[in-house]
Amino acid sequence: MRLFGLVHCLSLSLFTVAGVWSSVCLADEANDSDDPAAEQISLVSPEDDWSQPSFWRTGKGKPVGEAWEFAEGEVRLVKPRTGDGNLLSPPLPPNFELAWDWKISPKTNSGLKYRVRKFGSRYLGVEYQIIDEAIPLKNPSNGSTAAIYDLQAPALDKPLKPAGQWNHARVVVRGTHLQHFLNGKLVAETSTVGTAWDAIYARSKFYEESGFAQPREGDRVMLTDHGGKAAYKNFQLTTLPAPSDAPAASSTVGPFLANGMRNGWADQNSIVLWTRTTKNREAKMDGLPFVKLSNRQARELAMGTDAEELLAAQLPAGAELDQMLGACPGAAGEVRLTYFPKLKRYDSKTTAWTTTNASQDFTAQWHLKDLRPGTEYAAIVETRPVGSNPDSAESLSAVLRGTFETAPEATSSKDVRFCMTTCHDFIRRDDGDLGHKIYPAFEKISPDFVVHAGDIEYYDKPDPWAMTKELMRFKWQRIFALPNNRRFYANHTTYFIKDDHDTLKNDCWPGARYGSVSFEEGVKLFNEEQFPSHQPRYQTVSWGKHAQIWVLEGRDFRSPNTMPDGPEKTILGEEQKDWLLQTLKESDATFKLLFSPTPIVGPDRDNKSDNHANDNFVHEGDELRRAFAEIDGLIIFCGDRHWQYASLDKESGLWEFGCGPGSADHELGWKPGDKRPTHQFLRVAGGFLSGQVKAKGKDGKPELTLRHHEVNGKQVSEFRFPVKE
């Protein structure tokens, strides 16, 4: 059965899908009304009586009900979990000292929160935890009494009195410094700036809430209702002056993580994560320009093999590579990874520290196994100088948190969203120093995974012409230091495909050279150093029962373009081709999504000679198209081309989609009006492709919708598969 599609070529505003929101309970009181903190309300004064019901309001801004009792100078939670919920104070100044007495019943979990403000529909704040617990505790816990909840555990020798007895608490909140006292003793403190804070904050449930715990006038105090009876009395508030000294800054000495993290090869139970330790926090965006070379000069220069000469010819007199525009030099460091399902933070695993070095361009990789299918994970990378004190959190120099998602079980009926892009480089980026516009557009779609189908950078394009391994590395370092690009890849599951320009040079094959670099060296640089490594370099993964993807390797196994066409000439290589055809036949997925770095259907330009849509690989191209025509539900996606298209091969019935270049400044190679009979859609412009697989479409059956977009996300085409005759 061939897969036929319905096409609607249109110009519409972007159809966005809301981002996934974590269902971890980050607060205790939902509130659909406006935040009273946003109103013009005077701050708490020393004369206010905290023991009166008129002082407090519920989380919904209503007067206190019968769940709370006010008597004998006490504020008592007498009917927990009965509707009133938490109580909110009037606004407070940003710097203060608050003391109070508290008493709880056995098995009660309670707490007082401060710097409470509205995050989305919920009130969140820093919590002085109050809970019935064993005395003394055997191990520190950031969920025990007097903890800075979920952030800093109190001292084990804290002077805690048991449930039923009064305890005295005090918090000192000044600038970025927080202190918790229990019965006169300082038992927990932290600073809300610096790398040590970054590390504990990245592991907390509050991580995604911007500005959490930071000083701001108008925040509130909250008495919580977590269940169990509690009583409070003797509230004393003292306003403190703002600190005169500047808050402690994060480390000014590296290593840092300016290239973020990225991942690859995700399936149901495994993934590979990558990072790199850097000398500076950011790339040098005010660096020097490279010496301009014409195409002819570059071709002549590339005939040389001396790496020092090839570099020197492109640097201004007296300049070093680290001074150039976009430079992001590496630095040796120690790194480790912590990861956990986002909804189960206490099920975390942390790797041993590993040392990065110059021979691998200061990169590190982790091959994670035994993961849970269909699960969103948090990943935290930490780095510190080599030889640091292993027991000191202060030795950390940088912390980065990201996310990735594993594929769902092959039997799952999960809906799936994905995006696809190709053809990037630093010089032709379209969002200035931020990078590429497509990445914020991707984030609005919230894809489960992204395929980057090759030509991620261009070694054989100017500024600089990367004719040495050092310059090749330089290009990777700067493009992945761009903020849009770095942020996106740190937080999304990605499949990276290698093509010619990011292997060595245009239309390259094994045995070729570019300046001082051999094809084999270029392959190793990509496959083993600059991207998540994996053997073999191709993969198929089921994203539920209705979507299975194939990611192909198009460079490592290919024959020379100059070889006469015939049965022995190949792009995929015998082993990969046999695997591909066999796994396609064995698949029972509704939609089989084949991602190739180069076209298989086309049409392509007459002057090209390195893909299956050319007349240079006709034998293997015909072989593949005949085989693919027998596969139900197969659609081909390709990178490499600098225009967007959807093609339908009338002979085989095969559909092929080209996503177009990932920059508005990078379209080229096809005349806009040259629409061939094969084309069902043609747009010579930058953009990307998105796809959505629904288990139940409009007729209750599985449905695939494919859309081309402009770089800003605006939709310009729509195709639905399958369509009734």
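This is a predicted model: local features need pLDDT of at least 70, side-chain atom pairs count only at pLDDT 80 or more; totals for chains, interfaces and linings use all residues.
**Exercise 1. Confidence**

Find the mean pLDDT of the protein, and the stretches where the pLDDT is below 50.

Solution. 
- Start with the whole chain. The mean pLDDT is 92, and 93% of the residues reach 70 or more.
- Go to the start of the chain. Residues 1-34 have a pLDDT below 50. In the model this stretch has 105 contacts beyond near neighbours in sequence.
- Move on to residues 36-40. Here too the pLDDT is below 50. This stretch has five contacts beyond near neighbours in sequence.

**Exercise 2. Helix α1**

Decide how far helix α1 (residues 195-202) is enclosed by the rest of the structure.

Solution. 
- Apply the cut-off: buried means under 20% relative accessible area.
- List the residues that pass. They are T195, A196, W197, A199, Y201 and A202.
- Draw the conclusion. Six of the eight residues are buried, so α1 is largely enclosed by the rest of the structure.
- Name the partners. The buried residues of α1 pack against β11 (185-191), β20 (376-384) and β21 (398-405).

**Exercise 3. Helix α5**

Solution. 
- List the buried residues: L471, M472, R473, F474, K475, W476, Q477, R478 and I479.
- Name the partners. Two are strands, β15 (271-276) and β26 (517-518). The helices are α3 (307-312), α6 (483-490) and α7 (519-530).

**Exercise 4. Helices α4 and α6**

Classify the packing of α4 (residues 438-445) and α6 from the angle, then describe the contact.

Solution. 
- Read the geometry. The angle is about 30°, and the axes lie 8 Å apart.
- Apply the cut-off: angles under 35 degrees count as roughly parallel. α4 and α6 are therefore roughly parallel to each other.
- Pick out the residues. From α4 come Y439, P440, F442 and E443; they meet N484, N485, R487, F488 and Y489 in α6.
- Sort by class. The contact has five nonpolar, two polar and two charged residues.

**Exercise 5. Helices α8 and α9**

Solution. 
- The crossing is right-handed.
- Pick out the residues. α8 supplies K577, L580, L581 and L584; α9 supplies E620, E623, L624, A627 and F628.
- Sort by class. The contact has six nonpolar, no polar and three charged residues.

Definitions and conventions: Residues are numbered from 1 along each chain as its sequence is written. Side-chain values use heavy atoms; hydrogens and water are left out. Buried means under 20% relative accessible area, exposed over 50%, partly exposed in between (1.4 Å probe, protein chains only). Helices (H or I, at least four residues) and strands (E, at least two) are DSSP runs, numbered from the N terminus. Contact means heavy atoms within 4.5 Å. pLDDT is the predictor's confidence in each residue, from 0 to 100. Axes are lines fitted to C-alpha atoms, for helices over the stretch in contact, and angles run from 0 to 180 degrees between N-to-C directions. Angles under 35 degrees count as roughly parallel, over 145 as roughly antiparallel, 65 to 115 as roughly perpendicular and the rest as oblique. Ala, Val, Leu, Ile, Met, Phe, Trp, Tyr, Cys and Pro count as nonpolar, Asp, Glu, Lys and Arg as charged, and the others, Gly among them, as polar. A crossing is left-handed if the near helix is turned anticlockwise from the far one by less than a right angle, and right-handed if clockwise.
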